Amino acid sequence: MERTLIKDLGQKVGEKAFIQGSVSVRRDQGKMVFFDFRDRSGSVQGVVLPKSEAIETAKEVRSEYVVSAEGTVNKRPDKNVNLDVQNGDIELEVHSINILSKAEIPFELGSDVNLDTYLDHLPFTLRSEKSKNIFKIQATIAEAFREAMRGRDFIEFQTPSIVGGDAEGGAAAFKVDYYYDQKAFLATSPQLYKQMMAGVFERVFTVCKIFRGEKHATTRHLSEAVCMDFEMTFIKDHTDVMNMLEHVMKHIVAKVIEKHGDTLQNMGVEMLLVPEKFPVLKLREAQEILGVSQSEPDLEPEHERALWEWAKKEHNSDFVFVTHFPLSKRPFYTYEDEEDRGYTKYFDLLFRGLEINSGGQRVHDYRELVERIKGKGLDPEKFSFYLEAFKVGMPPHGGSSTGLERMTARLLDLHNVKEATLFPRDLNRIDSLLSTDEK
Ligand code: AMO
């Protein structure tokens, strides 16, 4: 018999059906055995009656066993109907059951365990409803990002992960053993490549991995993260990039609500506040609001959280842009504001109290860029490949980068970015370490 997906069983009342899936719960009531079966489409209650041929096997089955079952789809008696759950008006009266795989589980799926235990058992814990929802929503975020970009004439490109040097200056790059003793690193950002590609296609985007040797254990840093980057040419200044990013963010939020509105509600996620225009503050204005010294070059995590409170109260917004960071603390490619010397046409986008995106206008003049590289104590020779894009003519341009895990975590109000990362890498965690003694 052909497999029927569990979500379609309701259309087969009175008929026989064959399902395949896992056992979420088994309730042995002596004479009868009840099951909650699940597959990728949903769940359904099954019942094995005392006279059924399946009763022996049913008593053997435990939580998470993988099974196939054949039975008749019945309407439930009125008193047992539960319209609040999927398939709450039917049950599968099981005639035969076949164990495809036995299971030995460390604890009940969906148990409230601490983060380390959760991460130690990812092949199992990722199967919980909560985890599946997180990563389904994450997939929608990435899909909606691509959709928004394509809708504005951006072309997707693949960026290399093995690179000759670090684009970001500050971020610690992982060194790689490359052929012939050449020095190579894992990319800390697609920055230089997206700029080069903007010179080719005018508008480009990429969804890629970045690698950063973050030395501190925090709730916001990963050693391997996914970035959604774009770069666009012929901009007037950084505000064109901010407007594009605002459009992208609104599209992502709308798509997530459209596809996962019910899940957000079930997860207790607060309604997202997305105003027509996101509030914008210069760093110095933000510092004045926060009552902190304007000599600080950046915001601390608690400042980002306080600015969320401000944005909610003053602008009914979960988003706030902070612009004009000091030039001295930003990478060499950052554009200086001619009307506000020493400060940059660069921004961070904070979402629900966390920086999820950075971006801005870039230096596009070859000579100036060479000077800026030197100014950072770097050798322009080492950047000659990148610099060729500027030598051969580069339009004014800018772009930005959104951290996928950070955006997912804040959207779903998850405390730690690792909860929004399938297989997080950090100071202590790489999967093989879980199964060997080698350090
Ligand atoms: P930045 O270094 O701010 O900017 O990175 C951009 C965004 O990437 C995410 N991110 C991270 N997420 C988790 N763990 C990390 N270790 C981590 N590092 C970065 C954040 C951050 O906002 N080239 C510039 C972008 C640009 O100018 O276009 C850059 O890399 O969400």
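In helix α11, the residues L404, E405, R406, M407, T408, A409, R410 and L411 are buried, where buried denotes under 20% relative accessible area with a 1.4 Å probe and protein chains only. Because 8 of the 8 residues of α11 (residues 404-411) are buried, the helix is largely enclosed by the rest of the structure. Helices (H or I, at least four residues) and strands (E, at least two) are DSSP runs, numbered from the N terminus. α11 is followed by D413, which has a positive phi, near 55°.

The model is predicted, with pLDDT of at least 70 required for local features and 80 or more for side-chain atom pairs, whereas totals for chains, interfaces and linings use all residues. Residues are numbered from 1 along each chain as its sequence is written, and side-chain values use heavy atoms, with hydrogens and water left out.

The ligand is surrounded by 25 residues (a heavy atom within 4 Å), the closest being Q191, K194, R212, Y346 and E355. At least two residues of this shell are supplied by each of α5 (191-201), β11 (224-233), β15 (354-361) and β16 (397-403); the largest share, 5 residues, comes from β15.

Polar contacts are pairs of N or O atoms within 3.5 Å. A polar side-chain atom of K194 lies 2.7 Å from an oxygen atom of the ligand, and one of S358 lies 2.8 Å from a ligand oxygen atom. For G403, a backbone N or O atom lies 3.2 Å from an oxygen atom of the ligand. Of the 620 Å² of accessible area (Shrake-Rupley method, 1.4 Å probe) that the ligand has on its own, the protein covers 94%.

Definitions and conventions: Polar contact = N/O pair within 3.5 Å; in protein donor to acceptor, adjacent residues only side chain to side chain. Buried < 20%, exposed > 50% of the residue type's maximum accessible area, 1.4 Å probe, protein only.
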